[in-house]
Protein chains: 2
Amino acid sequence: MQYLQQSFNVRFSYEVFFTRNLFESANTRLTGFLSAVADPAFQKKLLIVLDEGMLAHHPLLKQQIHTCLSAIPGFQLVPEMITVPGGEQVKNDDALLFRLVDAIDQYKIDRHSYVIGIGGGSLLDLVGFAAAISHRGVKHIRIPTTVLSQNDSGIGVKNGVNYKGKKNFLGSFAPPAAVFNDEAFLTTLQARDWCAGMVEAVKVALIKDAPFFEWMETHADALAGGNMADMQYLIYQCAALHLQHIGGGDPFESGSSRPLDFGHWSAHKLEQLTHFELRHGEAVAIGIALDSVYAFLLGWLDEPAMKRILQLLKKMQQPIWHPLLEKQAGGPSPVIAGLEEFREHLGGRLTITLLRAIGKGEEVHELDLELLYKAVDICKKNQS
Amino acid sequence: MQYLQQSFNVRFSYEVFFTRNLFESANTRLTGFLSAVADPAFQKKLLIVLDEGMLAHHPLLKQQIHTCLSAIPGFQLVPEMITVPGGEQVKNDDALLFRLVDAIDQYKIDRHSYVIGIGGGSLLDLVGFAAAISHRGVKHIRIPTTVLSQNDSGIGVKNGVNYKGKKNFLGSFAPPAAVFNDEAFLTTLQARDWCAGMVEAVKVALIKDAPFFEWMETHADALAGGNMADMQYLIYQCAALHLQHIGGGDPFESGSSRPLDFGHWSAHKLEQLTHFELRHGEAVAIGIALDSVYAFLLGWLDEPAMKRILQLLKKMQQPIWHPLLEKQAGGPSPVIAGLEEFREHLGGRLTITLLRAIGKGEEVHELDLELLYKAVDICKKNQS
């Protein structure tokens with residue numbers, strides 16, 4: 001009678017579908033998914049949350065959603081579709097989080113009903129968190145509408161909001177019920193978002209998949225120029241690598257190791273210090289450039305490989321340097337001073353992924369500050 | 001290139017330890033647990049959250065905790081121990097939730113550090129939720145100090161707070177890192193809490209374990225009279241049955257079935273309507289009585305079994321009826337009118353566990369209101 005042992009496994013499973021024009025009447029991806037999970041014993045509800053910025057480019061979308069989802073046996077569409085602003089700002093506003101929680105309460109969304117978020121990664125993070133904490137987790141479906149959310153943030157298992165200026169301080173791990181990547185949404189993106197969204201593909205290729213990196217080098221001009229077929233391949237491949245990593249390792253991140261955060265320690269800080277004027281992808285491009293040059297200076301990465309990385313980022317219209325990386329009058333770079341914050345964010349020991357070669361990441365537990373500032377200089381020289 | 005399939009298992013594992021005087025220097029339960037998870041590469045932190053009501057009965061506790069936890073290699077005790085009120089009220093106050101979140105931020109509790117909650121089930125629910133949503137989940141250790149939390153709420157995988165008057169509307173599933181049941185805390189409980197805490201044992205015995213029910217019948221007077229050895233057996237057995245159920249079935253409750261909620265549909269509503277003047281156990285005693293008599297009227301449970309149940313609850317000093325179960329002037333019983341709310345709480349189809357026999361629960365999906373009011377009358381007659 002000294003102790004009782006509790007142990008169990010919980011299985012999580014979901015699909016990431018690739019489609020075009022999800023809400024057109026001929027498209028049965030979503031309606032088919034819902035019909036398959038309908039239960040004759042009771043009605044399930046559907047609550048839609050939309051990204052205002054996206055909606056401005058798709059003025060017929062609400063009507064299409066209504067037509068598509070109003071007549072599925074076993075489901076009841078909540079008539080009010082909630083719109084919230086897009087972009088990082090939605091994660092800074094407690095009132096929006098509680099607006100969604102209140103809607104889940106008001107419209108009696110129970111644990112068998114679905115909240116469907118349609119928008120960029122920030123909106124999906126907010127919607128996922130609101131769903132995760134209501135009734136101890138109502139189901140949510142993600143419909144990412146940007147390159148970045150379709151290939152990375154929208155397909156994984158995390159959600160979160162910012163708290164007192166700290167990125168994703170509040171959040172949870174809560175896998176979606178399903179993800180629907182609709183390429184039609186990408187046609188209305190700004191060129192800047194289209195391009196910045198590709199950086200997570202560069203990141204994951206650099207740590208895991210050299211042939212994919214080479215493919216991006218070959219197709220860089222077409223990708224930056226808006227070629228949709230190439231972009232679809234990039235998103236699919238990037239999403240597949242992310243999913244493999246999450247499912248194959250430590251999905252809820254109990255350890256300190258996060259290779260997918262390659263290039264991110266400085267990126268998070270840069271986003272925050274620039275008040276999110278930099279896109280996430282742009283900040284990660286700078287972070288990848290910095291850590292790649294650092295790995296070169298450390299003798300890990302050879303010079304041609306380092307130059308290829310900077311070259312690809314530049315072909316994708318990405319910055320590879322920022323003034324905040326430099327020492328400021330009388331003090332260190334505020335970005336580099338943020339290393340400790342990144343350790344806290346990960347928890348435990350500082351763990352940073354660097355490159356041994358293109359396609360091969362390896363972890364270190366400290367960075368040499370002098371070498372880091374040398375890397376900053378090299379990035380600056382290569383910027384133009 | 002139609003879809004990607006994501007599937008993975010996450011393993012959860014923790015121990016529930018039984019001990020006495022956990023923080024005395026000779027007791028190595030907690031210090032041993034922590035030493036085993038220490039990491040030479042970095043310091044982990046310990047943040048203590050205490051129940052004020054409990055602390056009033058254990059004035060030396062803070063000092064004992066300080067002595068016990070200050071010198072464990074690899075751990076750093078946060079000097080400020082946070083005290084919050086005990087009881088259901090802590091779950092109604094957003095400010096307390098964010099006070100804990102702020103402390104996790106302020107003291108840099110990362111995902112390898114521990115928040116240790118010491119108190120009753122309400123405090124542990126609050127602490128568990130604050131930990132679960134900070135940094136997407138920092139680890140938490142539970143030290144339940146009441147009969148109810150040691151045998152049921154404090155040893156499971158749920159947490160939660162109330163929102164706009166709805167019990168546990170916000171919450172999550174987040175298994176603790178470990179649970180330490182210290183019997184010394186039970187010696188300072190009020191008789192009313194000591195007795196009400198036993199009702200969850202009656203509940204779980206009724207749906208799963210007839211011999212345990214018979215054991216309680218035999219020991220009812222000793223239990224109600226404060227016999228600690230008997231109480232320890234009751235807690236251990238009740239905790240074991242709860243853990244088996246959680247681990248063996250649907251730990252994160254993806255279905256509608258919740259046999260452990262036997263007797264709870266009316267209890268939740270009674271607690272709310274009486275503004276928690278009824279203890280949780282008392283409300284569940286009334287709920288068990290009502291549903292047992294209902295099962296008798298339905299022809300499921302024989303009369304002697306039904307009477308034994310009412311008898312045991314009464315021997316444990318529990319109420320088996322409440323005026324709010326009766327029709328009120330011009331309308332239904334407000335408790336019985338709350339059936340739909342319970343369905344929402346569960347999600348999906350209404351699912352209520354009734355008894356076929358002592359030790360054997362079975363689910364139904366509707367209740368006959370006329371029969372329910374007859375059951376109310378029988379409870380009332382048997383009350384005195």
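A residue is called buried when its relative accessible area is under 20%, exposed when that value is over 50%, and partly exposed in between. I begin there because A:Glu183, with a relative accessible area of 16%, falls under that 20% cut-off and is therefore buried. Please keep in mind throughout that what we are looking at is a predicted model.

Let me stay with A:Glu183 for a moment and ask which side chain meets the side chain of A:Glu183 in a salt bridge. The partner is A:Arg20, and the distance from N to O is 2.7 Å. A:Arg20 lies in the loop between strand S1 (3-19) and helix H1 (29-37) of chain A, while A:Glu183 lies in the loop between strand S9 (178-182) and helix H7 (191-196) of that chain, so the pair ties together parts that are 163 residues apart in sequence. Over all chains, the count comes to 38 salt bridges.

A second pair in chain A is A:Glu271 with A:Lys167, where the closest N and O atoms of the salt bridge are 4.0 Å apart. This pair also links distant parts of the chain, with A:Glu271 in helix H11 (residues 264-273) and A:Lys167 in strand S8 (residues 166-170), 104 residues apart. A:Glu271 has a relative accessibility of 2% and counts as buried.

In chain B, the salt bridge between B:Asp221 and B:Lys315 again has its closest N and O atoms 4.0 Å apart. B:Asp221 sits in helix H9 (residues 210-224) and B:Lys315 in helix H13 (residues 303-315) of chain B, so this pair ties together parts that are 94 residues apart in sequence. Here B:Asp221 counts as exposed, at 54% relative accessibility, and B:Lys315 as partly exposed, at 33%.

Salt bridges can also share partners, and in chain A this joins A:Lys158, A:Glu253, A:Arg258 and A:Asp261 into one network. Within that group, A:Glu253 and A:Lys158 form a salt bridge whose closest N and O atoms are 2.9 Å apart.

Now to the domains of chain A, which the domain assignment gives as domain 1 (15-188) and domain 2 (191-379). Their C-alpha centres lie 28 Å apart, and the contact takes 21 residues from domain 1 and 28 residues from domain 2. How much area is buried between domain 1 and domain 2 of chain A? It is about 2000 Å², of which carbon and sulfur atoms give 71%. Across this interface there are three salt bridges, and three residue pairs are counted in polar contact. On the side of domain 1 that touches domain 2, S1, helix H6 (147-153) and S8 of chain A each supply at least two residues, and the largest share, five residues, comes from H6(A).

I will finish with one helix of chain B, namely helix H15 (residues 369-383), which has 15 residues and reaches 21 Å from its first C-alpha to its last, close to the 21 Å expected at 1.5 Å a residue. The buried residues of H15(B), among them B:Leu371, B:Tyr373 and B:Cys379, pack against helix H11 (264-273) and helix H12 (280-297) of chain B.

Note on methods
Residues are numbered from 1 along each chain as its sequence is written. Chains are lettered from A and ligands numbered from 1 in the order in which they are written. This is a predicted model: local features need pLDDT of at least 70, side-chain atom pairs count only at pLDDT 80 or more; totals for chains, interfaces and linings use all residues. Side-chain values use heavy atoms; hydrogens and water are left out. Helices (H or I, at least four residues) and strands (E, at least two) are DSSP runs, numbered from the N terminus. Buried means under 20% relative accessible area, exposed over 50%, partly exposed in between (1.4 Å probe, protein chains only). The expected span of a helix is 1.5 Å times one less than its number of residues. Contact means heavy atoms within 4.5 Å. Domain bounds come from an automatic or database domain assignment. Buried area is the accessible area (1.4 Å probe) that two parts lose on being put together, summed over both. A polar contact is a pair of N or O atoms within 3.5 Å; within protein, one must be able to donate a hydrogen and the other to accept it, and residues adjacent in sequence count only if both atoms are side-chain atoms.
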